[in-house]
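Have a look at the picture first, then read on.

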Amino acid sequence: MTLGPIPVTRTTSPRPRTPESELGFGKVFTDHMLTVEWTAKTGWHDAKVVPYGPLAMDPAASVLHYGQAMFEGMKAFRGADGKIRLFRLMRHCQRMAAGAPRLCLPALPPEDMAAAIQAIVRTDADWVPGAPESSLYIRPTLIATEAFLGVRPAERVLFYVILSPVGAYYGGGALTPVKIFIERQLTRAAPGGLGAVKAAANYAASLQAAVRAKQDGYAQVLWLDGVKHETIEEVGTMNLFVVIGDELVTPPLSDSILSGVTRDCVLTLGREWGLKVSERPIAVAEVVAAHKAGTLKEVFGSGTAAVISPVGELATEADRMVINDGKVGALSLRLYEEITAIQRGTRPDTHGWLTVVD
Ligand code: COI
């Protein structure tokens, strides 16, 4: 551990509370945030919990010009027993540490990041909601703050963590099947690019396609490979799974696919349940053929925010494929129920996925 004890300065003006039923996603923030500074000379230092508020930053800070930024997204849950549980804390911390070098950002050692997250969640523990479908969304962020316009890795960096009590990711509530447009023109991530990293830039790259899709009545897009636009990569901001016949399939990890934590949960549970689980390339043509043959049973996205997001319809300009009558599939439902029950502590945590915050 390099950080040492983390001092807490408590707010003197607590923020207004939003009723749990009106939270939405990512709109409400808690009373405090955590910050840790890094400089090339000193390394990581000055970890502290302070009142939530604007960051003072030089307008020349490299993050504002060259986008040297990445983030994580994880959740804490309040169980029926009142305990607060962090879901897959270490895996998220390890993923950030693994991704940072691609952006030439320094990684906080995973043990330090985990301790920092526990410190901020403990400080704002009474903000963790308990209503069904609600949780505390945790957003660790790494940004280059050096005031310098030359293009090279910044020598001053800020790691910070903010917390947002959230409800369901999509307005319709959890497990509402969504309509997805198959994007054949724009690309989220290319071979050799940033797609495997939770880089802020990936999300900027995704916005235009998402906006166009929304204008046409879709919730999000299906991302295809960046070279030929033939094989499936991700869906919206999530990993993608399809059930063809009795096989549960997801694309294999590559440098253009994020190593999703929920993806790992789905693969782990699917294998434990004795399903035929494959990580292999899926061509759009295969999905279309399976739909025609009646063997395309389910399509769903997996991610921290929505957990499992069933796809009720996949469409191109010319065609539309309605999946499972536009209804939630049996496996999507089973996975959602199992994962959320483990998160809330109502089913046994046999994989060591939970960290109780005390
Ligand atoms: C997720 O958790 O599925 C995401 O990546 C969405 C997040 C960027 C809001």
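How far apart do the C-alpha centres of domain 1 and domain 2 lie? They lie 26 Å apart. The chain itself is split into domain 1 (20-167) and domain 2 (178-343), with bounds that come from an automatic or database domain assignment. Where the two touch (heavy atoms within 4.5 Å), domain 1 puts in 20 residues and domain 2 puts in 21 residues.

Before going on, a word on what you're looking at. This is a predicted model, where local features need pLDDT of at least 70, side-chain atom pairs count only at pLDDT 80 or more, and totals for chains, interfaces and linings use all residues. Residues are numbered from 1 along each chain as its sequence is written, and side-chain values use heavy atoms, with hydrogens and water left out.

Now for the ligand. Around it (a heavy atom within 4 Å) you'll find F25, Y137, R139, Y169, K198, Y203, T237, M238, G303, T304 and A305. Sorted by class, the shell has 6 nonpolar, 3 polar and 2 charged residues, where Tyr and Met count as nonpolar, Lys and Arg as charged, and Gly as polar.

Next, zoom in on some polar contacts, meaning pairs of N or O atoms within 3.5 Å. A backbone N or O atom of A305 sits 2.8 Å from a ligand oxygen. For K198, a polar side-chain atom is 2.9 Å from an oxygen of the ligand, and a polar backbone atom of T304 is 3.2 Å from a ligand oxygen. On its own, the ligand has 290 Å² of accessible area (Shrake-Rupley method, 1.4 Å probe), and the protein covers 89% of that.

Terms used:
A polar contact is a pair of N or O atoms within 3.5 Å; within protein, one must be able to donate a hydrogen and the other to accept it, and residues adjacent in sequence count only if both atoms are side-chain atoms.
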